[in-house]
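Subject: Structure for you to look at

Hello,

Here is the structure I said I would pass on. Please open it first, then read the notes below it.

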Amino acid sequence: MAKSKAPSILDAIKEIKKRKFKPVYYFFGEDAYNLSFTLHTLEEAFQPLLLSELDKETIYSEDRSINDILGLATAFPFGSEKKLIIVKEAEKIKDKKPLKEYATSPAEFTVLAFFHNGSITNLSSEPFKTLDANEFLFEAKELKGKNLIDWLISIAEEKDKKLSEENAQVLVDIVGESRNMLEVQLEKICIFVNTQKEVTIESIQQVSSELKQFNIFDLQNAIGLKDKSKALTVANNLLDNGAEPTFIITMLTRYFTGLAKITELQSKNTPLQEAARIVGTHHFYYPNYLKARNLYSDQKLVEVFRALLKADVSVKTTSSDEKTIITLLIAEIMQ
């Protein structure tokens with residue numbers, strides 16, 4: 001599959017918010033959150049220009065051919081200076097080639113926006129090559145790592161709250177990388193802290209507790225203290241609330257990798273804050289790491305990593321039940 005080099009959808013969002021509209025947009029990508037957000041932003045920014053609701057139309061691609069869509073785009077507005085046409089599920093349009101000609105000379109009175117769910121195999125094919133050449137093509141890539149953390153911090157700032165990188169990472173570790181879920185959870189936290197300006201680790205933990213849902217840190221703590229019953233309860237709760245077994249395995253691997261570093265850190269008298277950072281946790285959780293390290297010998301850690309690898313292979317290569325795989329993993333870790 002050819003690597004995409006299309007501009008980021010974030011670039012388009014910045015201009016749309018300023019009401020600087022292009023005559024054509026073709027948005028595509030794997031990030032459903034940003035596609036949805038861009039659609040909302042476009043509709044909201046364009047609304048003041050609409051003098052007639054007839055000058056805004058939303059089309060599902062299965063209902064119209066590309067020629068029908070382009071015909072609507074070239075028809076004059078009813079009462080506004082510009083009209084907005086939104087085409088959803090553009091990936092289902094069978095023959096998009098007529099869009100090439102339209103993109104070279106689009107109607108000045110129309111903003112025509114296509115929303116394509118998923119990637120595009122070949123951006124050098126038409127009409128994508130022409131769309132890209134005219135700066136009409138934008139990709140919604142899923143945010144990962146620091147980009148995701150920065151986004152979460154910016155969302156908190158929009159809500160007039162301060163969220164540190166460290167606490168933002170904790171929230172991602174608890175909730176996962178779904179931006180819809182992260183935004184929902186952050187909204188709940190902001191309501192909980194009320195007039196308090198900073199989103200603290202305590203508030204994140206408290207909201208998780210209020211929702212009566214466990215998080216990955218609860219699972220790590222239960223396993224670290226060798227509380228098998230609690231660990232199984234937490235693991236089942238996580239799975240019931242949408243956590244993927246691969247996420248649980250990855251986070252436990254990271255957890256035990258951190259535990260394996262503690263002996264060396266203690267021998268060097270590493271300060272708590274720095275030690276927590278090195279093992280990959282928040283200093284709030286580090287005392288529990290110290291307790292767990294006393295319960296897991298070096299030999300036991302070797303066995304744990306073997307169990308984690310076995311579970312990972314099982315998830316990826318078999319059709320075994322998710323809960324069964326995680327239950328067996330916890331049993332092997334604690335035997």
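**Loops and backbone**

Asn269 is exposed, at a relative accessible area of 66%. Exposed means over 50% relative accessible area, buried means under 20%, and partly exposed is what lies in between, using a 1.4 Å probe and protein chains only.

Before going further, some ground rules. The model is predicted, with local features needing pLDDT of at least 70 and side-chain atom pairs counted only at pLDDT 80 or more, while totals for chains, interfaces and linings use all residues. Residues are numbered from 1 along each chain as its sequence is written, and side-chain values use heavy atoms, with hydrogens and water left out.

Asn269 belongs to the loop between α12 (245-267) and α13 (272-279). Helices (H or I, at least four residues) and strands (E, at least two) are DSSP runs, numbered from the N terminus. Although Asn269 is a residue other than glycine, its phi has a positive value, near 55°.

Glu89 is not a glycine either, and its phi is positive at about 55°. The loop that holds Glu89 runs between β3 (83-88) and α4 (98-104). Glu89 has 23% relative accessibility, so it counts as partly exposed.

Where is the cis peptide bond that involves Pro127? It joins Glu126 and Pro127, with omega about 10°. Pro127 is in the loop between β4 and α5 (128-133).

**Aromatic rings**

A pair of aromatic rings is described by how far apart the centres are and by the angle of the planes. Rings of Phe, Tyr and Trp (its six-membered ring) pair if their centres lie within 6.5 Å; planes under 30 degrees apart count as stacked, over 60 as edge-to-face, and the rest as tilted.

How many aromatic pairs does a search of the whole structure find? The search finds 15. One of them is the tilted pair of Phe27 and Phe115, with 5.1 Å from centre to centre and 35° between the planes. This pair links distant parts of the chain, since Phe27 is in strand β1 (residues 24-29) and Phe115 is in strand β4 (residues 110-117), 88 residues apart. Phe27 and Phe115 are both buried.

Tyr286 and Tyr289 form a stacked pair, with 6.5 Å between the centres and 20° between the planes. The two tyrosines are three residues apart in helix α14 (residues 286-295), so about one helical turn separates Tyr286 from Tyr289. Both Tyr286 and Tyr289 are buried. Ring pairs also join Tyr286 and Tyr289 with Tyr255, Phe256 and Tyr296 in a cluster.

Gln220 is in helix α10 (residues 216-224) and is buried, with a relative accessible area of 4%.

Charges also sit over rings here. The rule is that NZ of Lys or CZ of Arg must be within 6 Å of the ring centre and within 35 degrees of the ring normal. Lys226 lies over the face of Tyr296, at 4.7 Å from the ring centre. The charged end of Arg179 is over the ring of Trp151, 5.3 Å from its centre.

**Helix packing**

Two packed helices are described by the angle between their axes and the distance between the axes. Axes are lines fitted to C-alpha atoms, for helices over the stretch in contact, and angles run from 0 to 180 degrees between N-to-C directions. Angles under 35 degrees count as roughly parallel, over 145 as roughly antiparallel, 65 to 115 as roughly perpendicular, and the rest as oblique.

Helix α11 (residues 228-240) and helix α16 (residues 322-334) have axes that come within 10 Å and cross at roughly 155°. That makes α11 roughly antiparallel to α16. Residues that meet include Ala231, Leu232 and Leu239 in α11, and Ile326, Ile330 and Met334 in α16.

Helix α7 (residues 165-175) packs with helix α8 (residues 179-193) at about 120°, with the axes 10 Å apart. That makes α7 oblique to α8. Leu171, Val172 and Val175 of α7 make the contact with Met181, Leu182, Gln185, Leu186 and Ile189 of α8.

Regards

Technical notes:
Contact means heavy atoms within 4.5 Å.
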